Amino acid sequence: MRKIILALSAACLLLSLSNPAVARPSSPPPLYPGTTAARLAEQAPVHWVSVAQIEKSLLGRPPMSVGFDIDDTVLFSSPGFWRGKKTWSPESDEYLKNPAFWEQMNNGWDAFSIPKEVARALIAMHLKRGDNIWFITGRHFTKTETVTKTLQDAFLIPAVSMNPVIFIGGKGKRTKTPWIVQKQIKIYYGDADSDINAAREAGARGIRVLRASNSTQKPLPQAGDFGEEVIVNSEY
């Protein structure tokens, strides 16, 4: 009897070894996978520019109108959007259609928004040139707003150079192109593909500002995929 059991066990072992369908425990991924110099040096073919290079490209040109997107371009405003989502639609982005959210966002929640350093540098450069500055945002229009004052204070914009924020959200087709044309904007800065497209459709120079990786606005856009200029170190 013992010989029969041993023979059966041996047969089962041989069968399991020869059967490729039998699952084998997989090895865990390595804790330290390592890298190579080639991988570290790999860079996307993006047209990078600095604020200083943009300024140099404008030497000799008279003062002009320039435009900026707001969210993720001049302000890291994700804290307000995060609060809005948690308050009105934790499982979806329906809060973006809720007038109550925009009332809060446009009338005080930017107190939690962080001005981006790249915006400080850009706006200071354009003010020094005497350029006229416009802010055009996809936020929904509300009867009252404190965004204009928030931006003026955050970026030290003199009253004579400060224009009221233009809100285009909730007005049918959401495109900034007509406003860029109407205000004769020659350069428009934005983080989204729609910003670059709107600038180009209006015949303006669209320059990309990087969206911070921890922004609530996902997915992150592919900066430079239109061949546009992208500002270095502009995620903050």
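Here are some questions and answers about this predicted model.

Reader: Before we start, what pLDDT do local features need here?

Author: Residues are numbered from 1 along each chain as its sequence is written, and side-chain values use heavy atoms, with hydrogens and water left out. This is a predicted model, so totals for chains, interfaces and linings use all residues, side-chain atom pairs count only at pLDDT 80 or more, and local features need pLDDT of at least 70.

Reader: How many helices and strands are in the chain?

Author: Helices (H or I, at least four residues) and strands (E, at least two) are DSSP runs, numbered from the N terminus. Going by that, the chain has nine helices and nine strands.

Reader: What share of the chain's residues count as buried?

Author: Buried means under 20% relative accessible area, exposed over 50%, and partly exposed in between (1.4 Å probe, protein chains only). Of the 236 residues of the chain, the buried share is 40%.

Reader: And how much of the contacts comes from residues 24 or more positions apart?

Author: A contact means heavy atoms within 4.5 Å. Take the contacts in the chain with a separation of 6 or more: residues 24 or more positions apart account for 68%.

Reader: Which residues touch the most other members of the largest nonpolar core?

Author: A nonpolar core is a set of buried Ala, Val, Leu, Ile, Met, Phe, Trp, Tyr and Cys residues joined through side-chain atoms within 4.5 Å. The largest one holds 30 residues, and those touching the most other members are Phe135, Leu151, Tyr189 and Ile231.

Reader: Which element gives the most to this core?

Author: Elements giving two or more residues to the core include helix 3 (51-57), strand 5 (132-140), helix 7 (147-154) and strand 7 (185-190). With five residues, the element that gives the most is helix 6.

Reader: Is Phe135 buried or exposed?

Author: Phe135 lies in strand 5. Leaving out residues up to four places away in sequence, Phe135 touches Phe68, Ile123, Leu151 and Met162, among others. Its relative accessibility is 0%, so Phe135 counts as buried.

Reader: What separates the C-alpha atoms of Phe135 and Pro164?

Author: Phe135 and Pro164 are 29 residues apart along the chain. Their C-alpha atoms are separated by 7.6 Å.

Reader: How many salt bridges does the structure hold?

Author: Side chains of opposite charge can pair when their charged atoms come close. A salt bridge here is a side-chain nitrogen of Lys or Arg within 4 Å of a carboxyl oxygen of Asp or Glu. The structure's count of salt bridges is 16.

Reader: How many residues apart are Asp69 and Lys176, whose side chains meet in a salt bridge?

Author: The N to O distance for Asp69 and Lys176 is 3.0 Å. Asp69 counts as buried because its relative accessibility is 6%, and Lys176 is buried too, with a relative accessible area of 8%. Asp69 sits in the loop between strand 2 and strand 3 (75-76) and Lys176 in the loop between strand 6 (166-169) and helix 8 (177-182), so this pair links distant parts of the chain, 107 residues apart.

Reader: Which residues are linked with Arg208 in a network of salt bridges?

Author: Arg208 is buried, with a relative accessible area of 0%. The side chains of Asp225 and Arg208 meet at 3.4 Å, N to O, while the closest N and O atoms of Arg208 and Glu228 are 2.8 Å apart. Asp225 is partly exposed at 42% relative accessible area, whereas Glu228 counts as buried at 2%. The network links Arg208 with Asp193, Asp225 and Glu228.

Reader: How far apart in sequence are the parts that the Arg208 and Glu228 pair ties together?

Author: Arg208 lies in strand 8, and Glu228 is in the loop between strand 8 and strand 9. The pair therefore ties together parts of the chain whose separation in sequence is 20 residues.

Reader: Which side chain makes a polar contact of 2.7 Å with Asp191?

Author: A polar contact is a pair of N or O atoms within 3.5 Å; within protein, one must be able to donate a hydrogen and the other to accept it, and residues adjacent in sequence count only if both atoms are side-chain atoms. Asp191 is in the loop between strand 7 and helix 9 (193-201), and counts as buried at 2% relative accessibility. The partner at 2.7 Å is Arg211.
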